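This briefing covers one protein chain, topic by topic. The sequence and the structure come first, and the notes follow.

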Amino acid sequence: MGVRQEYRPTQSKPPSMAENETIKRQAEEIEKLRLEVALLKGQSSSTTTIVKTEEYERKFLVNPAYYDTIKSEAHSHYSKVQTYFELTPNPFVSEIRVSKRSDKDYGSLVIKTTLIGTHRTEWHILHTPAKETLELMALSPHRVAKNCYLIKVDGVEWKGDFFTNENAGLVIAEVEFADSESMTAFTNSHKLPHWVRREVTDEPRYYNSNLARAPWIAACLDQDDDRQEGVVSRWIRSKFH
């Protein structure tokens with residue numbers, strides 16, 4: 001299957017009145033959640049550390065023949081567990097996630113807004129103590145676990161997510177960008193790694209939040225293009241636990 005190196009994000013343009021109103025409402029919803037989190041943590045709102053970031057990324061399935069190559073050439077790695085919480089219908093907030101990395105002694109809570117144009121805004125509530133993080137994570141059955149390998153290719157940092165448990169055998173490589181211009185520049189000037197299989201940036205079933213609720217192994221049995229990969233994944237399952 002060919003890889004869409006010609007992928008292009010929607011061209012940036014001034015937000016419309018409706019988009020401006022959506023952005024305003026998103027900010028209001030985030031502020032409400034921020035204050036709720038501060039109360040849960042027993043802190044004043046002024047002491048709750050929140051970092052706002054913009055999400056621009058491309059995601060790719062990896063050729064199973066190169067799984068060991070990525071692991072051996074990675075300059076660092078860590079394991080990570082992410083849990084997701086159900087939301088009441090809300091057109092402005094799409095996701096609330098609590099995560100814990102093996103190489104950090106604290107966790108983080110992330111709130112994502114709904115998609116506007118080609119990206120979403122993320123709000124990171126940082127340095128949640130490990131004990132509180134684990135208590136929060138225990139409240140949700142929706143989770144994904146993965147081993148993350150960081151590898152540089154032609155000066156670009158890639159992350160290979162080797163999923164475990166119910167998603168064992170699935171490997172997704174992603175590359176993140178500071179803005180849409182950086183993503184376009186990458187597309188125009190960088191050749192994709194030889195271990196890329198196909199792009200899944202626009203396929204919701206490969207989003208972590210959806211993998212937490214509908215594990216990949218079960219879902220891929222109904223997809224002709226992924227049946228062979230599902231067989232391979234079961235064969236190598238033990239390698240990633």
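Strand β8 is mostly covered, with six of its seven residues buried. The model is predicted, with a mean pLDDT of 78 for the protein, and 71% of the residues reach 70 or more.

- β1 and β8 run antiparallel and are joined by six bridges.
- In this pairing Lys 59 stands opposite Glu 174 of β8.
- β7 also pairs with β8 in the antiparallel sense, over four bridges.
- Here Lys 159 is the residue that stands opposite Glu 174 in β8.

**Nonpolar cores**

- The largest nonpolar core contains 21 residues, and Val 62, Ile 70, Trp 158, Phe 186 and Trp 195 have the most contacts inside it.
- At least two residues of this core come from each of β1 (50-62), α2 (67-73), β6 (142-153), β7 (156-163), β8 (171-177) and α4 (180-189).
- With four residues, β8 gives the most to this core.
- Another core, of 12 residues, lies apart from the largest one; Leu 61, Val 200, Trp 216 and Ile 217 are among its members.

**Helix α4**

- At the start of α4, a side-chain oxygen of Asp 179 comes to within 3.2 Å of the backbone nitrogen of Glu 181.
- Ser 180, Met 183, Phe 186 and Thr 187 are the buried residues of α4.
- These buried residues line one face of the helix, because they fall within an arc of 120° when seen down the axis of α4.
- An α-helix has 3.6 residues a turn, so residues three or four places apart point the same way.
- The buried residues of α4 pack against β1, β7 and β8.
- On the face turned away from the buried side, α4 carries the exposed residues Glu 181, Asn 188 and Ser 189.

**Asn 167, in a loop**

- Asn 167 is found in the loop between β7 and β8.
- Its relative accessibility is 2%, so Asn 167 counts as buried.
- The side chain of Asn 167 reaches the backbone oxygen of Leu 211 at 3.3 Å.
- With neighbours within four places in sequence left aside, Asn 167 is in contact with Val 144, Leu 211, Pro 215 and Trp 216.

**Ser 108, in a strand**

- Ser 108 lies in β4, the strand of residues 106-113.
- At 15% relative accessibility, Ser 108 counts as buried, because the cut-off for buried is under 20%.
- Neighbours within four places in sequence aside, Ser 108 is in contact with Arg 97, Val 98, Ser 99, Ile 125, Thr 128 and Thr 133.
- Ser 108 and Glu 132 are 24 residues apart in sequence, and their C-alpha atoms are 9.9 Å apart in space.

**Confidence**

- The mean pLDDT of 78 is followed here by a stretch to treat separately.
- Over residues 226-241 the pLDDT is below 50, and this stretch has 36 contacts in the model beyond near neighbours in sequence.
- Where pLDDT is low, the predicted coordinates should not be read in detail.

Notes. Residues are numbered from 1 along each chain as its sequence is written. This is a predicted model: local features need pLDDT of at least 70, side-chain atom pairs count only at pLDDT 80 or more; totals for chains, interfaces and linings use all residues. Side-chain values use heavy atoms; hydrogens and water are left out. A nonpolar core is a set of buried Ala, Val, Leu, Ile, Met, Phe, Trp, Tyr and Cys residues joined through side-chain atoms within 4.5 Å. Buried means under 20% relative accessible area, exposed over 50%, partly exposed in between (1.4 Å probe, protein chains only). Two strands pair if DSSP finds at least two bridges between them. A polar contact is a pair of N or O atoms within 3.5 Å; within protein, one must be able to donate a hydrogen and the other to accept it, and residues adjacent in sequence count only if both atoms are side-chain atoms. Contact means heavy atoms within 4.5 Å. pLDDT is the predictor's confidence in each residue, from 0 to 100. The arc is that of the directions from the helix axis to the C-beta atoms.
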